[in-house]
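Take a look at the model below.

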Amino acid sequence: MITPYQSELKTLVALGIDLEAFSKFQIICLPENVFTASGVGKLRDAGESRHFAKLLIDSRVRCATALDIGIDVPFILRRSKDSRLGVVWVRDTLALPMLVGVISSLIASNIQESSSDQPKSNVHVDLYFERGEDVTRLSYKGDGETLVNILKAIQHDSIKK
Amino acid sequence: MKALEVFQAEANSYKIAYDNCDFVSAKKITRQAVGRLRQTLFEPPDGSSTDFLDGTFRLAVFFRALHDFAEVAEISGHVNWAQKDELVESLWSKFCDCRDRIDLVRHAIRGDFIEQVADILTKIQDFYLAAFCQGHYMSPEIVAKRELCSICLTDLRSCSHISGRIYSGKLCSSILDSDGIRLVSGSLVRVPHDPRCRVWPWNIKNNKSEVMLLSFFRIDDFMEKDDWG
C-alpha cells in the first residue's frame with residue numbers, strides 16, 4: 001500500500017518529533033501507535049521495540065528510538081512470547097541486511113526455546129520503507145520465517161533498483 | 001588443584017549424589033559451589049579478565065541450575081506426584097527455572113553431563129505436554145515509564161548494555177522503574193513469555209481463580225540473596 005510520504009511526516013511533526021534528528025538515522029523504531037494515537041500522551045513503545053533498536057545498533061545500524069528524536073514515551077510490556085516491534089521506519093535500504101539479520105536472530109532464539117509440538121510465536125510489526133518521496137507500508141503479523149523471506153525479497157528488489 | 005578442576009570434581013560429586021537419589025547432599029554441593037563462585041565475582045583476583053569473570057558467572061548459573069535440577073528430582077520422587085496439584089505446580093516452576101538457567105549457559109559449558117540434564121528437562125516437558133496439554137498462561141499488559149539497566153542503573157534506552165548478555169560477570173537485565181507502572185489488562189495466551197504464569201485447571205474454583213499474573217524470577221538470584229537455596 002502506497003501512502004503519501006508527507007502525511008506521515010506531518011503526523012510526526014505534530015507529535016513533536018524532530019525531523020532533523022529523524023533524518024540522521026537509517027532506521028527509526030517508533031511507538032507502535034504513532035500514526036493512530038490521539039496525542040503525544042497516548043503514545044506507547046512496543047515492549048520489544050527498545051531491545052530491537054539496541055540489537056540494530058549493535059549490528060552497526062544508525063538506529064533511533066522515540067527518545068532519540070525528541071519524545072519520551074512509556075512502553076507497554078505484554079509478557080507473551082510474540083515479538084512486538086512497533087513501527088519500524090526504514091529510511092536507508094542499505095540497513096536491510098542488518099534488519100534481516102536481527103529479526104532472524106530474534107526468531108532463532110524463540111524457536112530454540114520451543115519444541116516442535118508447541119504453537120509458534122508471531123512477530124507483530126508495521127514497517128515503513130522510504131522510497132524517494134513515497135513510503136511503502138508493510139503491516140505484518142505472522143511467523144518470523146515468512147517475514148524474513150519478505151524482507152529478503154524487498155532487499156533483493158532494492159539492490160536491483 | 002586448579003579452580004576449574006575443583007568445580008569439575010564438585011560436578012562429579014553432585015552427579016554421584018544425584019544418581020544415588022541423595023538430593024540433600026546434591027543441593028549442599030551446589031550451594032557451596034555457588035557460594036564460592038559468587039565470592040569470586042564479588043572480590044575477583046587482581047587482573048581478572050572479562051572472560052574469566054564471564055566464565056565464573058556462567059559456572060555459578062550452571063551450579064544454580066543443578067540445585068533446581070535436584071529439587072525437580074526430589075519432587076518427582078514423591079509417590080503419585082502427578083496426581084497432586086501442589087506438586088505438579090511446584091515441579092513445573094522448578095523445571096522452568098532450571099531450563100532457563102541451563103539455556104543461558106549451554107552454549108558455553110559443554111559436556112555429557114549438561115546434555116544429560118537438558119535431555120531429562122526435555123522429557124519432563126514432554127511429560128507435561130502429554131499429561132496436561134499445552135496449557136494456557138497469564139499474560140499481563142503493563143505500561144511503564146522507564147526500565148533501568150541492571151549493570152549501570154541508567155535508562156536502558158541510553159546505555160550500551162543489551163539485556164540477556166553478560167558483562168564482566170554480570171547479567172544485563174531490565175529493571176522496571178517502580179515510578180509509573182500500571183497494570184492495564186491480563187490476557188490468556190498459549191505461547192507465554194513466562195511459562196511460570198501457567199493457569200492450571202484446579203486454580204479456578206467456584207468462579208474464583210488464583211493464578212500467577214507475574215513472576216519475579218531472576219536467573220542470577222544468588223548474586224542478590226545469600227539464602228537463595
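What percentage of the 161 residues in chain A is buried? In this predicted model, buried residues make up 40% of chain A.

Next, the secondary structure. Chain A has 5 helices and 8 strands. Along the sequence they follow the order β-α-α-β-β-α-β-β-β-α-β-β-α. The radius of gyration of chain A is 15 Å, and the globule rule gives 15 Å for 161 residues, so chain A is as compact as a globular protein of that length. Its C-alpha atoms fill a box of roughly 45 × 40 × 30 Å along the principal axes.

Contacts in chain A reach across the sequence. Take those with a separation of 6 or more: 74% of them join residues 24 or more positions apart.

Now chain B. Here helix α3 (residues 50–76) packs on helix α4 (residues 85–105). Their axes lie 8 Å apart, at an angle of about 155°. That angle is over 145°, so α3(B) is roughly antiparallel to α4(B). The crossing of α3(B) past α4(B) is left-handed.

Which residues make the contact? From α3(B) they include Val61(B), Phe62(B), Ala65(B), Phe69(B), Val72(B) and Ile75(B). Charged residues of α3(B) take part too, among them Arg58(B), Arg64(B), Asp68(B) and Glu71(B). From α4(B) come, among others, Leu87(B), Leu91(B), Phe95(B), Cys98(B), Ile102(B) and Val105(B). Lys94(B), Asp97(B) and Arg101(B) of α4(B) also belong to the contact. By class, the contact of α3(B) with α4(B) has 13 nonpolar, 2 polar and 7 charged residues.

Technical notes. Residues numbered from 1 in each chain as written. Chains lettered and ligands numbered in written order. Predicted model: local features only at pLDDT ≥ 70, side-chain atom pairs only at ≥ 80, totals over all residues. Axes fitted to C-alpha atoms, helices over the stretch in contact; angles between N-to-C directions. Helix = DSSP H or I, 4+ residues; strand = E, 2+ residues; numbered from the N terminus. Parallel < 35°, antiparallel > 145°, perpendicular 65-115°, else oblique. Left-handed = near helix turned anticlockwise from the far one by under 90°. Contact = placed C-beta atoms within 7 Å. Rg over C-alpha atoms; globule rule 2.2 N^0.38 Å. Buried ≥ 20, exposed ≤ 12 C-beta atoms within 10 Å, placed from the backbone.
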